[in-house]
Amino acid sequence: MPGKILRLAMSVLALVCFLSCGQDSTTPQGSSKAVQNAKAPDFTLKDLSGKSVKLSSLQGNPVLVIFSATWCPSCRREIPYFKEIYAIYYTKGLQIINVDIMEPEDRVRTFADRHELPYRTLLDEDGRVAEKYGVYGIPTSLLIDKNGIILCYPCRSLDRLLDMIFAK
């Protein structure tokens, strides 16, 4: 048991350091990090069924990307909110993808099943996509319009933006 706790603590520490160590609040020119009102950096990740999903293949629909991890209490608290958004906007064309950062597939699959996540979960096994997007903490969400442009990052007033998008 103590070995499991130590491994878990080391994993959490590594993820926290990955998400925050050595990063500052400025983005160097020429960086591919996500910036509001800019084209969303493309990526390809596998989902829990092993299928590769390329972000740009979802273009034509608005996309909500949620960066999270199974161990994150705030991420778990946000699940009902994102399920509600899914229930309201999925039939209108909103694509939602949950990007789990640096966790084993079996743990993520168990988590997604237990919480009955209705949206697709992708595995960022090495954290490169989270790094590409400049994710500093989780949960972090971003909304991408149908043309691949980032509307909000991080999103603070998601409900209002979605209402505006789908009111058209």
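View 1. The volume of the largest cavity is about 80 Å³, taken as the space filled by probe spheres set on the points. Its lining (residues with an atom within 4 Å of a point) includes Ile 66, Asn 98, Phe 111 and Tyr 119. Helix α2 gives the most, with four residues.

View 2. In α3 (residues 105–114; helices are DSSP runs of H or I, at least four residues), Val 108, Phe 111 and Ala 112 are buried, meaning under 20% relative accessible area with a 1.4 Å probe, protein chains only. These residues line one face of the helix, because they fall within an arc of 95° seen down its axis. Asp 106, Asp 113 and Arg 114 are exposed (over 50%) on the face turned away. Cover for the buried side includes α2, β4 and β5, strands being E runs of at least two residues.

**View 3. Helix α5 and its packing.** Leu 158, Leu 161 and Leu 162 are the buried residues of α5 (residues 158–167). They pack against β3, α2, β6 and β7, with contact meaning heavy atoms within 4.5 Å.

**Notes.** Residues are numbered from 1 along each chain. In this predicted model, local features need pLDDT of at least 70, side-chain atom pairs count only at pLDDT 80 or more, and totals for chains, interfaces and linings use all residues, while side-chain values use heavy atoms, without hydrogens and water.

Conventions:
The arc is that of the directions from the helix axis to the C-beta atoms. On a 1 Å grid over the protein atoms alone, a cavity is a set of points where a 1.4 Å probe fits but cannot get out, and a pocket is an open set with protein on both sides within 12 Å along at least five of seven lines; lining residues have an atom within 4 Å of a point.
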